[in-house]
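Thanks for coming, everyone. I'll walk through the chains, their sheets and their interfaces. Here is the model.

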4 protein chains.
Amino acid sequence: MYIQDLVNKGGMKMKKIAVLTSGGDAPGMNAAIRAIMRVASRKGVEVYGIYDGYTGLVNGKIEKLKNIDVSEILSRGGTILGSSRLPEFKEDQVQMQAINQLKERGIEGLIVIGGDGTYRGALELSQKGICCVGIPGTIDNDINGTDETIGFHTALYNIVDAVNKLRDTSSSHHRCFVIEVMGNHKDSLALYSGIACGSEFIITKNTGYDEDYIIQMMDYYEKQQGKKHAIIIASEKMIDVEKLAERISKETHFSGRSIVLGHIQRGGSPVPQDRILASQMGQYAVELLLNHQSGYCVCKKDNHIVARKIEDALNDVSEIQERMYQLFNELV
Amino acid sequence: MYIQDLVNKGGMKMKKIAVLTSGGDAPGMNAAIRAIMRVASRKGVEVYGIYDGYTGLVNGKIEKLKNIDVSEILSRGGTILGSSRLPEFKEDQVQMQAINQLKERGIEGLIVIGGDGTYRGALELSQKGICCVGIPGTIDNDINGTDETIGFHTALYNIVDAVNKLRDTSSSHHRCFVIEVMGNHKDSLALYSGIACGSEFIITKNTGYDEDYIIQMMDYYEKQQGKKHAIIIASEKMIDVEKLAERISKETHFSGRSIVLGHIQRGGSPVPQDRILASQMGQYAVELLLNHQSGYCVCKKDNHIVARKIEDALNDVSEIQERMYQLFNELV
Amino acid sequence: MYIQDLVNKGGMKMKKIAVLTSGGDAPGMNAAIRAIMRVASRKGVEVYGIYDGYTGLVNGKIEKLKNIDVSEILSRGGTILGSSRLPEFKEDQVQMQAINQLKERGIEGLIVIGGDGTYRGALELSQKGICCVGIPGTIDNDINGTDETIGFHTALYNIVDAVNKLRDTSSSHHRCFVIEVMGNHKDSLALYSGIACGSEFIITKNTGYDEDYIIQMMDYYEKQQGKKHAIIIASEKMIDVEKLAERISKETHFSGRSIVLGHIQRGGSPVPQDRILASQMGQYAVELLLNHQSGYCVCKKDNHIVARKIEDALNDVSEIQERMYQLFNELV
Amino acid sequence: MYIQDLVNKGGMKMKKIAVLTSGGDAPGMNAAIRAIMRVASRKGVEVYGIYDGYTGLVNGKIEKLKNIDVSEILSRGGTILGSSRLPEFKEDQVQMQAINQLKERGIEGLIVIGGDGTYRGALELSQKGICCVGIPGTIDNDINGTDETIGFHTALYNIVDAVNKLRDTSSSHHRCFVIEVMGNHKDSLALYSGIACGSEFIITKNTGYDEDYIIQMMDYYEKQQGKKHAIIIASEKMIDVEKLAERISKETHFSGRSIVLGHIQRGGSPVPQDRILASQMGQYAVELLLNHQSGYCVCKKDNHIVARKIEDALNDVSEIQERMYQLFNELV
């Protein structure tokens, strides 16, 4: 199911490849772009940057990357190529336009960096004959088949940093903070930050949400355990954090406050893990492409960089992070 | 109007003084508590900590501070003494209860750290014969008579740090962020962070709010100046940042996003400026008290630590920060 | 060789266990102590803290931990239990003294957190009949059998953060910084930070050190590639960074500067990865102990938390991080 | 002595001015360059950037700045113009060459950003008829006449941040860290960081250095006061920090360790104070120039932005920071 060692699937040596970033930006995308550029250049392959995701691909916003373009981007968040969403990319005609843009320029391979929407586009281009490879770039860590996505570690760092800041002020006022974090389909950000911050509760699709029980427990923590402050972390779209905070104020001895962390989570310079992961994946994506392995996505599985058919990754049922939920429960 | 060199107003040498923190907590309050403790100890004066602000004073939550209590607090945000709001402290009877708590313990002087509400309490105690001194502790920098309050610099740092994080992600998506910051009566946080972040707009009581003009200018920045991202900083209670962001999305080429920074602003370890300012003010407050100068508040005025009658400070018309507004305008 | 699912090796249910930290402190050790305390408490097991490593064990500096002792330590660097080195612990007599201290208190199991010196002590105690388990706590990531050690990620973060700071000042003066980092036996810190910072060179046991070649290449980078600044990262004990910097100043167009990062690397609040890893390992160590699995150390192998015989881990030949070296070379 | 309100000294309206940075780079220099560019542009004045300090001026490395050149530099450390030292600039002939470079391009006014060496150059150019203004840019805060220099606050922040990191690891091992900081002529960095970190000792020109006394006191702190760790901050060029650390290890119960913070102090994104100060000073420098006030430097004095004759500033006897030394002593 996963491949690690590469066999060339035949075909001529590629001379020109392109890269685009799509969907929400993630810290580390630039590190991946840099790795693709550096690794391909060494092998004598030209790299083209496609600006603003699939929109730029369709409209031909495509430029040859120079070494200088990637020389100071390793530590920068966001993506120098820009990103956008293009729902119309599902349409055949639009895809053909994209393929023409590539063919006109003699570009033989394409690397896309993004989430599962991005992968779907790559899959279709691949089925239409363009050699395509995907790299998982999203802070949500919600892509099947890979244990980690580029940007996840930085987002986690940002959340934990924010909670660090709230702690002292929190205990000065006997406060309970209800904090909304991102995470999309999966709840990795809430779950991992809950463990890393030592939060009293997490509210995720997996845990569900029993408000009465939370209120009851907060009261218990305050009265029986003498806790001076508390943290509740909620995945986006699960609850209205403001309302829960208000109820905590009314029905427990904590003073409830809410905060929606929002885009701060995807900001800042990528942490080392994301820079390294992105470099590894960028390197491997180039190798896949030069070996004419089309329709694959790069994954980190059990600590190894491997590849997998995009359709398998997309259709896979997400592994439930059982042990981490159990760990959270035993630490509270 | 301001006093700098102290003359002892007579009275016996004090043996016991107390300190409380009140209102919203501010990073650096602990540094002030530590300075009070250290400076007073050297002079053979005992220091009592009053827990949870005026509430604790009225209820007698008062304990003698030991050296070890303040030995690791310099770098910690919040206040180890806790804080609360007690509207009833305006009542004579409640104040008398507070005074009794002090007298019972032989405490002759009181230092309060907080905002203008806190000052009012100190003024009344002072008028009832308790030797009282105030220290300005609030992130809002909204206390008349002092150029800087403890916590302001850290809050400013936190805002600029958050905007730093938003920049890269912002330019990846052609975004305009509308950011709500704290500030209470005055708009110092919005004004200073606007300059420090190079924001395109600030929305404050002083600037007013002309939404159409903002929309028009954002369009101009995007089309004429080719800006890839933009930042608008708004003082709390001025606008609904979400709505402005939505209108920006609809009527300009920027994609608008909003964020309410909230309590993150008052979090974290105090920056050096706040630690130093708090140490200076704590030291000076002890000197004022030991010289029986009651009813004064400590101020930083033109870079000097001085004292002023609390009632003068409270009634003073706040100096308008004209040059800083002008500076902001010339930098856009 | 590795075990993952636990079978109880028999023996009565333990009622009292102890934990110590030894060797250089590592950020995340406190998170491990907290996890041990929380997980054991839930199972009705008492946890004793041994202060100052094996020294404290021998001298009986042992105290029962209370919940409150671990309630605010998750985010703190260092170790609340203190640490020390005790070379005499190799001696039989000293070990017997340690065992007596445990037996006197009815402590049946011991968890040690540290590096390979720490493990050797645990192995000997285990062979003398004390049920012992090891957790890898060292910033150097130099313990065989585990892919990651507690503290490594934070040290890596600190290095990358420091290099981030040097970048801008570096390019203002056409500078080449030669930076010494820690790493002990293995070169993980130099290798991983070299990739994460995009350094021009790394100097490690594995790469060796050809000074003439470095000088020649620096000259090439400056003249041919127009680089405005450069970074060289060297493992400790490999070179005199100051001398290399001087030679760079003399023989290339860069202005060479050196810096020894030192203890800053092991400082600060642990990053999320270290907190999570420490929590996982603390939990697993308790499970091992309660299942009477003595003489094991906890490892993270291929992204799973597993256990291994300490003697196997100690004698194992360290896997060479070939692919990472190759990655570094392809990115320069 | 200081001027605040400007009267035009006559002369035609300037059309072209230039800016250079010289000496050691300081975080916030870019913010000053940006402010100069923005403020001058608004008034219809062209701004030229001189690259690599006086060297670039002499050699004609001068380019017209565009708006885009300063649009993302506010948050970046270092200086986009580069810097260098040119001892030969004392020579008449070299200065004439510089003046010719300006005249050839029709540049009528020059702003230099740097330390006192930089100011001397400006003074001489001013005496030779070029309209020159200085801005204090150095992390050392060692320029007479101004209470603060651009970069000082960021350096202070960096030091305090580093000491924060050392604290926890320090108390895990009963350590005393001896930390060398920058500061040049004056000892502001050691003095202010000593207060902000709560260090046990500072070693500066002003305090002098009595090693025996320090050893004796460290012993006292450890034995009598039960301190678990200690910090000594030493100004550069005062002592060999490694040797003091060794003696502490030998003669007290602390384990001594030394660290030279070096260039990390001048790194990183400027803190808000430096960005704001630089913006204020940049604005004021343009105003001075456009009013044909030559030979002045911009100062922050008692919280106001004012100007002063460069020669007065250079010859002024530095005010002794008496109250801050006293504050330090009362806090230990």
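Start in chain D. Helix α1 (residues 29-42) of chain D lies across β2 (16-21), β3 (46-50), β5 (109-114) and β6 (131-136) of chain D. The helix runs at about 160° to β5(D). That angle is between N-to-C directions, from 0 to 180 degrees, with axes as lines fitted to C-alpha atoms, for helices over the stretch in contact. Contact here means heavy atoms within 4.5 Å. Helices (H or I, at least four residues) and strands (E, at least two) are DSSP runs, numbered from the N terminus.

Two housekeeping points. This is a predicted model, where local features need pLDDT of at least 70 and side-chain atom pairs count only at pLDDT 80 or more, while totals for chains, interfaces and linings use all residues. Residues are numbered from 1 along each chain as its sequence is written, chains are lettered from A and ligands numbered from 1 in the order in which they are written, and side-chain values use heavy atoms, with hydrogens and water left out.

Now the sheet under that helix. What is the strand order in the open sheet of eight strands in chain D? The order is β1-β12-β11-β6-β5-β2-β3-β4, with mixed pairing. At the edges stand β1 (2-3) and β4 (62-64) of chain D, each with a single partner strand, so one side of each has no neighbour in the sheet. Two strands pair if DSSP finds at least two bridges between them. Strands β11 (residues 296-301) and β12 (residues 304-309) of chain D pair antiparallel over six bridges. Within that pair, Lys300(D) has Ile305(D) in β12(D) as its bridge partner.

Chain D also has an open sheet of four strands, in the order β8-β9-β7-β10, and its pairing is parallel. Its edge strands are β8 (201-203) and β10 (255-260) of chain D; each has a single partner strand, so one side of each is left without a neighbour in the sheet. From one strand to the next, the twist averages 20°. Strand β7 (residues 175-181) of chain D and β10(D) run parallel, joined by six bridges. Glu180(D) stands opposite Val260(D) in β10(D). Helix α8 (residues 241-251) of chain D lies across β7, β8, β9 (230-235) and β10 of chain D, at about 170° to β10(D).

Over to chain C. Strand β12 (residues 304-309) of chain C pairs antiparallel with β1 (residues 2-3) of chain C over two bridges. β12(C) also pairs antiparallel with β11 (residues 296-301) of chain C, over six bridges. Look at Ala307(C) in β12(C). Ile3(C) stands opposite Ala307(C), and Val298(C) has Ala307(C) as a bridge partner. β11(C) and β12(C) form a hairpin with two residues between them. In the turn, Asp302(C) has a positive phi of about 50°.

Now the interfaces. Chain A against chain C: 43 residues of chain A contact 43 residues of chain C. About 3800 Å² is buried between them, and carbon and sulfur atoms give 50% of that. Buried area is the accessible area (1.4 Å probe) that two parts lose on being put together, summed over both. How many salt bridges cross between chain A and chain C? The rule finds zero. It asks for a side-chain nitrogen of Lys or Arg within 4 Å of a carboxyl oxygen of Asp or Glu. On the side of chain A that touches chain C, α9(A) gives the most, with nine residues.

Lys165(A), His263(A) and Ile264(A) supply 29% of the area that chain A buries here, more than any other three residues. This interface has four salt bridges. In one, the side chains of Lys165(B) and Asp161(A) meet at 3.6 Å, N to O. Asp168(B) and Arg76(A) also meet in a salt bridge, at 3.7 Å, N to O. That pair runs from helix α5 (residues 152-172) of chain B to the loop between β4 (62-64) and α3 (92-104) of chain A.

Chain B and chain C share no contact, and their closest C-alpha atoms lie 12 Å apart. Chain A and chain D do not touch either, with nearest C-alpha atoms 12 Å apart.
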